[in-house]
Amino acid sequence: MQELIERIKKDGVIKPGGVLKVDSFLNHQIDPELSYNMAKEIYSLYKDENVDRILTIEASGIGLAVMAGHIFGCPVVFAKKSKSANISSDVYCARVHSYTHGNDNNVLVSREYLSAEDKVLIVDDFLAMGEALRGLKAIVEAAGAEAVGAAVAVEKAFQPGGSSLRAEGLRVEALARIASMTDDSITFCD
């Protein structure tokens, strides 16, 4: 999606260690117009899949997921990274390693929000190693639902997550795919 690529070029900040900081428009401060346009693009990719549930993980994927849910006309469920007093003990759970935060989380979704009849689209902001998407896919499978695919804003295609998830049979669509990064430049895939 050219609009997203241009915004990354303009406002993205490359940090040492291959970190792309896009928090001024995507995942800390959110540009609603850009998010809406990204959600419309996600809809165009998955409109024939009869999506009736969007699934994401807290926290940075929620904004894009909600926009997508609005356009698809379906609920958005987000996996919580910790159990709170107001979540049922009847949950689907998957262990997810976060390379960004350097920790593991048991992510939880109340069973009342996913069922075997659901056709689920997984939405997130980034795809690098694929752990978050893999964990969400495991939750969808535990519910007996169908994961129709995953949509991400940015894929670091030079890392193995996207290719390994595709090899496992999950349809993965990225709105911007990064072929390589150095400490001062980004090359996007064609």
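A polar contact is a pair of N or O atoms within 3.5 Å; within protein, one must be able to donate a hydrogen and the other to accept it, and residues adjacent in sequence count only if both atoms are side-chain atoms. The model is predicted: local features need pLDDT of at least 70, side-chain atom pairs count only at pLDDT 80 or more, and totals for chains, interfaces and linings use all residues. Residues are numbered from 1 along each chain as its sequence is written, and side-chain values use heavy atoms, with hydrogens and water left out.

**Asp-118**
- Asp-118 sits in the loop between strand S6 (103-110) and strand S7 (119-127); strands (E, at least two residues) and helices (H or I, at least four) are DSSP runs, numbered from the N terminus.
- Asp-118 has 6% relative accessibility and counts as buried (under 20% relative accessible area; exposed is over 50%, partly exposed in between; 1.4 Å probe, protein chains only).
- Its side chain also reaches the backbone nitrogen of Ser-115 at 2.7 Å.

**Helix H1**
- Leu-4, Ile-5 and Ile-8 are buried in helix H1 (residues 2-11).
- They lie on the same side of H1, because they cover an arc of only 100 degrees around the axis (taken from the directions from the helix axis to the C-beta atoms).
- The face turned away from that buried side carries exposed Gln-2, Lys-9 and Lys-10.

**Cysteines**
- The structure holds zero disulfides (pairs of cysteine sulfur atoms within 2.5 Å).
- Cys-74 is buried at 11% relative accessibility, while Cys-189 is partly exposed at 26%.
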